[in-house]
Amino acid sequence: MATEEAAAATTAEKLIDVVNLVKYFPRKQGLFGGPRTYVKAVDGVSFFIRRGETLGLVGESGCGKTTAGRTLLRLAEPTSGQVFFEGRDILTLSEPEMRKLRAEMQIIFQDPYASLSPRMSIGDIVGEPLLVHGVTDRVVREKRVIELLELVGLSAYHMHRYPHEFSGGQRQRIGIARALALQPKIVVCDEAVSALDVSIQSQILNLLKDLQQHFGLTYLFIAHNLSVVKHMSDRVAVMYLGKIVEMTRKQDLYSSPKHPYTQALLSAIPVPDPKLERERIVLEGDVPSPVHLPSGCRFRTRCGSAQPICAEAEPAWREVEPDHFVACHLAR
């Protein structure tokens, strides 16, 4: 009975539970036809996010991080899998049902320049989600827009201006205000600071943390900067070529990484002390094509510790330590 109660409590604290999520993109066939091939952007990804926590999702460019985040929100329809939001599989919902649910699931885009319409004022941009979801009273919308702008460090007079009148950091603040307009429960931060200057990045990151504490938000924080991820996240998942290869609490990942790919990524983080030298793990070769994946472990072609079994069988996803999961034949 105690075990069942513990399992129920664990399930209850999960806001998002992703099970074997797959997203393949079909490629155009050649001039003479032939079998259709697919880009395997997300290939059987599973993870969960607890209420109020931040899960960092990291990896090289092209590993499938952004696709995983967009597919989780059904901004891109998955090929297969399940995404449970508060215990409900959102992939089975109809379009009207999904439209209602979108109020609770929002995204902050990577590019603050491309994500805002140049033809709309800031007031209209931030207020548009409210209008779409039934807030038709203009006075009520404007009051809420002013609250949101002040919440992210802007002012009421900004609502009548247009995106080209703002800096990159200010535009990202506007994007954050828009994402919070409907009081969501989870926000996907898709490389939310990678397009900003370093001095501005810290301001936006601190703003996100303050908003999370204020509203009890849950974040999926997608990034390639491991230092930023360490600052923001409670747990971290490392993605390589469409698969998550390691996931655990951030302190365990940074102090004791188990997967060779994670070890190589962490070895590339600059050390702020010029007197200290970190042994750099340099990966061999290039990232394989997501169309024609290697047999067995897809990291084996770049791994300095690869064994014959790595080419024969795909490594199982297993828990090597409490709450520390890894997909590697050699991890202990």
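Helix H4 and its neighbours

The crossing of H4 and H5 is right-handed (the near helix is turned clockwise from the far one by less than a right angle). This is a predicted model, in which local features need pLDDT of at least 70 and side-chain atom pairs count only at pLDDT 80 or more, while totals for chains, interfaces and linings use all residues. Residues are numbered from 1 along each chain as its sequence is written, and side-chain values use heavy atoms, without hydrogens and water.

H4 packs against H5 (residues 138-151) at an angle of about 115°, their axes 9 Å apart. Helices here are DSSP runs of H or I with at least four residues, and strands are E runs of at least two, numbered from the N terminus. Axes are lines fitted to C-alpha atoms, for helices over the stretch in contact, with angles from 0 to 180 degrees between N-to-C directions.

Ile122, Ile125, Val126 and Pro129 of H4 meet Ile174, Ala177 and Arg178 of H6.

Elsewhere, strands S11 (residues 318-321) and S12 (residues 324-326) pair in the antiparallel sense over three bridges; pairing requires at least two DSSP bridges. Glu321 has His324 in S12 as its bridge partner. The hairpin has two residues between the strands, and Asp323 takes a positive phi near 60°.

Conventions. Contact means heavy atoms within 4.5 Å.
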